Amino acid sequence: MPFLGQDWRSPGWSWIKTEDGWKRCESWSRELERENNQRNLSHSIILNSDDEEIFSNEEQEYTSKKRKKDHFRNDTNTQCFYREKWIYVHKESTRERHGYCTLGEAFNRLDFSSAIQDIRRFNYVVKLLQLIAKSQLTSLSGVAQKNYFNILDKIVQKVLDDHQNPRLIKDLLQDLSSTLCILVRGVGKSVLVGNSNIWVCRLETVLAWQQQLQNLQMTKVNDGLTLSDLPLHMLNNILYRFSDGWDIVTLGQVTPTLSALSEDRQLWKRLCQYHFAEKQFCRHLIVSEKGHVEWKLMYFVLEKHYPTREQYGDTLHFCRHCSILFWKDSGHPCTAADPDSCFMPVSPQHFIDLFRF
């Protein structure tokens with residue numbers, strides 16, 4: 001008996017037995033189409049009625065109305081959720097699996113919305129969003145773009161509420177706004193998924209976020225102990241815990257005591273040795289008039305020429321046996337005899353490289 005279906009490997013259609021014989025089940029798809037048509041019709045009626053009353057003659061207001069309408073239809077608050085928090089990474093079609101895995105699909109499946117609430121994963125997700133904003137934004141599908149800006153909105157609101165990591169988000173928004181400006185100006189030259197008015201609205205949203213972070217005021221706590229009450233050896237120990245030079249500079253601006261401790265040459269020497277190799281020191285060696293090595297200046301010079309060492313509390317992992325990308329806490333259905341030996345941590349750049357073809 002011949003197989004009647006769209007693909008010889010597919011399970012075929014769903015059938016229901018009735019008094020008149022077997023009939024193909026199409027009611028569910030038709031109901032979904034009717035619901036979508038009704039929603040689109042209701043949205044168009046609402047928008048058109050408001051548009052006729054509010055925007056009548058002025059061309060600028062009409063353009064603004066058009067942007068809002070497109071932005072409403074592509075609401076960034078809607079997000080796709082999946083039960084499994086892992087994804088199989090395959091780059092080519094086989095007899096068992098058709099198609100390939102894309103960056104947008106992985107972004108939708110790996111539950112980054114919940115990851116930003118975990119302090120161990122926050123910096124990792126922000127770095128990943130920054131890399132996507134720099135080079136991979138146009139490769140995201142429409143649904144992945146909605147999830148991207150929805151997660152970014154949650155990150156900005158989190159920073160505005162708890163006042164933590166504002167510098168990281170400012171750098172992310174700066175890179176994202178630069179990319180969006182290039183995309184909006186080069187409409188027609190580059191491939192954009194979605195209406196150009198949607199991208200203009202997104203750019204306006206990013207600029208509004210930047211203004212909110214620029215106006216962010218840190219709350220002062222007058223009750224309890226402060227950094228000034230701690231002994232010098234504890235303050236020095238705190239500074240040695242930082243792995244980012246800009247964090248040391250920022251903390252040194254709090255009090256005169258911290259400013260003096262932040263200029264410690266040994267502190268900056270250890271920071272340079274942590275991030276860079278000795279061969280890199282020789283190429284950019286900076287010596288003062290007294291013959292001392294200027295480790296602080298060397299750090300910021302080396303930072304411009306070489307990538308710094310990344311440090312995260314928790315990262316995504318890749319199973320080399322199953323070719324599955326997952327969060328270690330969530331796990332995945334591994335079939336290896338010794339699963340832990342197959343797990344490999346994935347840096348943000350490695351995550352992007354996994355989906356380059």
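Student: Which residue of S6 stands opposite His 317?

Tutor: In this predicted model, the residue opposite His 317 is Pro 345.

Student: How do you know that strand S4 and S6 are paired?

Tutor: Two strands pair if there are at least two bridges between them. Strand S4 (residues 316–319) and S6 have 4 bridges, in the antiparallel sense, and therefore meet that requirement. Strands of a sheet pair through backbone hydrogen bonds, either parallel or antiparallel.

Student: What makes S3 and S6 the edge strands of their sheet?

Tutor: The sheet is open and has 4 strands, in the order S3-S5-S4-S6, with antiparallel pairing. Strand S3 (86–88) and strand S6 (343–346) each pair on one side only. On average, and with direction ignored, neighbouring strands of this sheet are turned by 25° against each other.

Student: What does the protein contain in helices and strands, and what share of its residues is buried?

Tutor: There are 15 helices and 6 strands. Of the 357 residues, 35% count as buried.

Student: Why is Leu 103 called buried?

Tutor: Buried means a relative accessible area under 20%. The value for Leu 103 is 5%, so this residue is buried. Leu 103 belongs to helix H3 (residues 103–109). Apart from neighbours within four places in sequence, Leu 103 is in contact with several residues, including Ile 132, Leu 140, Phe 351 and Phe 355. Leu 103 and Asp 353 are 250 residues apart in sequence, while their C-alpha atoms are 9.5 Å apart in space.

Student: Which residues touch the most other members of the largest nonpolar core?

Tutor: This core has 51 residues, and those with the most contacts to other members are Phe 112, Tyr 148, Leu 325 and Phe 351. Outside its sequence neighbours within four places, Tyr 148 is in contact with residues such as Phe 107, Leu 129, Ile 132 and Leu 176. A second, separate core has 19 residues, among them Trp 268, Leu 271, Val 293 and Tyr 299. In soluble globular proteins, nonpolar side chains tend to be buried together.

Student: Why is the pair of Trp 268 and Phe 300 called tilted?

Tutor: Planes under 30 degrees apart count as stacked and over 60 as edge-to-face, with the rest tilted. For Trp 268 and Phe 300 the planes are at 50°, with the centres 5.6 Å apart, so the pair is tilted. Trp 268 lies in helix H12 (residues 265–275) and Phe 300 in helix H14 (residues 295–305), so the pair ties together parts 32 residues apart in sequence. Trp 268 counts as buried at 1% relative accessibility, and Phe 300 is buried with a relative accessible area of 16%.

Student: What makes Arg 202 a charge over the ring of Trp 199?

Tutor: The distance needed is within 6 Å of the ring centre, together with a position within 35 degrees of the ring normal. The charged end of Arg 202 sits over the ring of Trp 199, 5.1 Å from its centre. Lys 158 likewise lies over the face of Phe 122, at 5.0 Å from the ring centre.

Student: Is Arg 121 buried or exposed, and what does this residue touch?

Tutor: Arg 121 has a relative accessible area of 9% and is therefore buried. Its place is in the loop between H4 and helix H5 (122–136). Not counting residues up to four places away in sequence, Arg 121 touches Ala 115, Asp 314, Trp 327 and Asp 329.

Notes:
Residues numbered from 1 in each chain as written. Predicted model: local features only at pLDDT ≥ 70, side-chain atom pairs only at ≥ 80, totals over all residues. Heavy atoms only, no water. Core = buried A, V, L, I, M, F, W, Y, C linked by side-chain atoms within 4.5 Å. Buried < 20%, exposed > 50% of the residue type's maximum accessible area, 1.4 Å probe, protein only. Contact = heavy atoms within 4.5 Å. Helix = DSSP H or I, 4+ residues; strand = E, 2+ residues; numbered from the N terminus. Phe/Tyr/Trp six-rings, centres within 6.5 Å; stacked < 30°, edge-to-face > 60°. Axes fitted to C-alpha atoms, helices over the stretch in contact; angles between N-to-C directions.
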